[in-house]
Amino acid sequence: MRLLAIETSCDETSAAVVVDGCAVSTEVSSQIKIHAEYGGVVPELATREHLRNLSPVVRKALQQAQIEPADLNAIAATRGPGLPPALMVGWKAAQSMAYALDVPLIGVNHVQAHLYSPWFTGEPPVADWESFKPNLSLIVSGGHTLLVKVDAPLEHQILGGTQDDAAGECFDKIAKLLGLAYPGGPEVDRLACTGNPAAFEFARPMLNQPNDDFSFSGLKTSVRYFLEKHPELAADNTRLPDLCASAQAAIVEVLVKKTMRAAKRERVQCLTLSGGVASNSELRKQLQSSCERSGFTLRLASPYLCTDNAAMIGLLAEKQISDGRGFASLEMDFKPGWILGD
Ligand code: KG4
Ligand code: ZN
């Protein structure tokens, strides 16, 4: 199998070539610098950048893999969820290539690709389905916060999700309140390393509710009210590490406690963590130590696979092909609101 995968759901233009279960080449062109000046992703600019960058990124991925377009057996692309005009660029390019090369087109759900990324190991990443165990999975990205029960590869059901902001969105919005650069998650993580997580007490929304849902907008609001009440702290850069560590502690505590509770209730022995926020050092550390205390195995997505990339799209597409799923026709549209796939 020689497959080309394309990812353009948000602000990363990415292409990868997957050969027999290994993503032999992955190219990512990040737009972070372009959107930073606006404090968030601007869909119109993201679309223009995808249009500008997709062809060079695809060409580089093919060159690096030493594969000619005519050697490809399949094309895969993110079909959803994502920003509609951004998705459209990658999806239409993939449809055109599949038509021109007369090979199958595979539509991949972006959140599913995050979900299974902890099973893609090594550099370059290889799909490790042999070691798969039924698990409870926490997916935390800029757009999603989901707890998912996974019984087998491609057999999963959502247990809960966020009722408002996603965890990554919460990190980014709190960072903005603190005057930090976009995307704020990595900045909060970096500053929190030298701060005191117990310096300030912020809300832990829905922590004690007996369900698998989350809500992060109340936490962001509690940070905003706190800063309005204490303008001297907001203006004092030396307190930034304590503010970041305290806000991060609230997000991480809710994520870890609710995930552990669900895992025990569902009687699974394995947990997985993926998505952009899975890069967060404190979340990785705390979930790891909670799992060790409870005797659970934890599979963490490799940091380089946490942010958006086409390798995870291509590796999942190959699995879909072997299971006979996800084949798309040239008439099929992209699906911006497609939460976790069928
Ligand atoms: O998965 P991703 O690259 O894009 C989406 O599919 O949304 O996730 C991006 C999100 C952003 O909100 C970013 O701030 C957050 O992941 N993020 C982090 C860290 N690295 C990225 N949040 C907290 N700590 C980090 N180290
Ligand atoms: Zn993502």
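A: A term is needed at the outset: a polar contact is a pair of N or O atoms within 3.5 Å, where, within protein, one atom must be able to donate a hydrogen and the other to accept it. The model under discussion is predicted.

The chain is divided into domain 1, made up of residues 2-125 + 305-328, and domain 2, which covers 133-301. Between the C-alpha centres of domain 1 and domain 2 the distance is 27 Å. Contact involves 23 residues of domain 1 and 28 residues of domain 2. The size of an interface is often given as the accessible area lost when the parts come together. For domain 1 and domain 2 that buried area is about 2,000 Å², and 68% of it lies on carbon and sulfur atoms. On the side of domain 1, Leu115, Trp119 and Cys306 contribute 32% of the area buried against domain 2, more than any other three residues.

Seven residue pairs are in polar contact between domain 1 and domain 2, counting pairs with both residues at pLDDT 80 or more. On the side of domain 1 that touches domain 2, the elements giving two or more residues are helix 1 (32-36), helix 4 (110-116) and helix 12 (310-322). Helix 4 provides the largest share of that side, five residues. By residue class, the side of domain 1 that touches domain 2 consists of eleven nonpolar, eight polar and four charged residues.

Charged pairing across the interface can be taken next. Side chains of opposite charge can pair when their charged atoms come close. Between domain 1 and domain 2 the rule finds one salt bridge. Arg325 and Glu155 form a salt bridge in which the closest N and O atoms are 2.7 Å apart.

The count of salt bridges in the model comes to 18. One of them joins the side chains of Lys149 and Glu266, at 3.9 Å from N to O; with a cut-off of 4 Å, this pair qualifies because its distance lies within that limit. Lys149 belongs to strand 9 (residues 145-152) and Glu266 to helix 9 (residues 240-266), so that the pair links distant parts of the chain, 117 residues apart. Lys149 has a relative accessible area of 14% and is therefore buried, the cut-off for that class being under 20%. Glu266, at 24%, is partly exposed.

Lys285 and Glu282 are separated by about one helical turn because they stand three residues apart in helix 10 (residues 281-294). Lys285 counts as exposed, with a relative accessibility of 55%.

Ser215 lies in the loop between helix 6 (184-192) and helix 7, and at 12% relative accessibility it counts as buried. The side chains of Ser215 and Asp164 are joined by a polar contact of 2.7 Å. Leaving aside residues up to four places away in sequence, Ser215 touches Thr162, Asp164, Pro205 and Met206.

Gln95, in helix 3 (residues 84-101), is buried, with a relative accessible area of 4%. With residues up to four places away in sequence again set aside, Gln95 touches Leu105, Ser329, Leu330, Glu331 and Met332.

Lys229 is situated in helix 7 (residues 217-229) and counts as exposed at 67% relative accessibility. From Lys229 to Cys291 the separation is 62 residues in sequence and 38 Å in space, C-alpha to C-alpha.

Technical notes: Residues are numbered from 1 along each chain as its sequence is written. Chains are lettered from A and ligands numbered from 1 in the order in which they are written. This is a predicted model: local features need pLDDT of at least 70, side-chain atom pairs count only at pLDDT 80 or more; totals for chains, interfaces and linings use all residues. Side-chain values use heavy atoms; hydrogens and water are left out. Domain bounds come from an automatic or database domain assignment. Contact means heavy atoms within 4.5 Å. Buried area is the accessible area (1.4 Å probe) that two parts lose on being put together, summed over both. Helices (H or I, at least four residues) and strands (E, at least two) are DSSP runs, numbered from the N terminus. Ala, Val, Leu, Ile, Met, Phe, Trp, Tyr, Cys and Pro count as nonpolar, Asp, Glu, Lys and Arg as charged, and the others, Gly among them, as polar. Buried means under 20% relative accessible area, exposed over 50%, partly exposed in between (1.4 Å probe, protein chains only).
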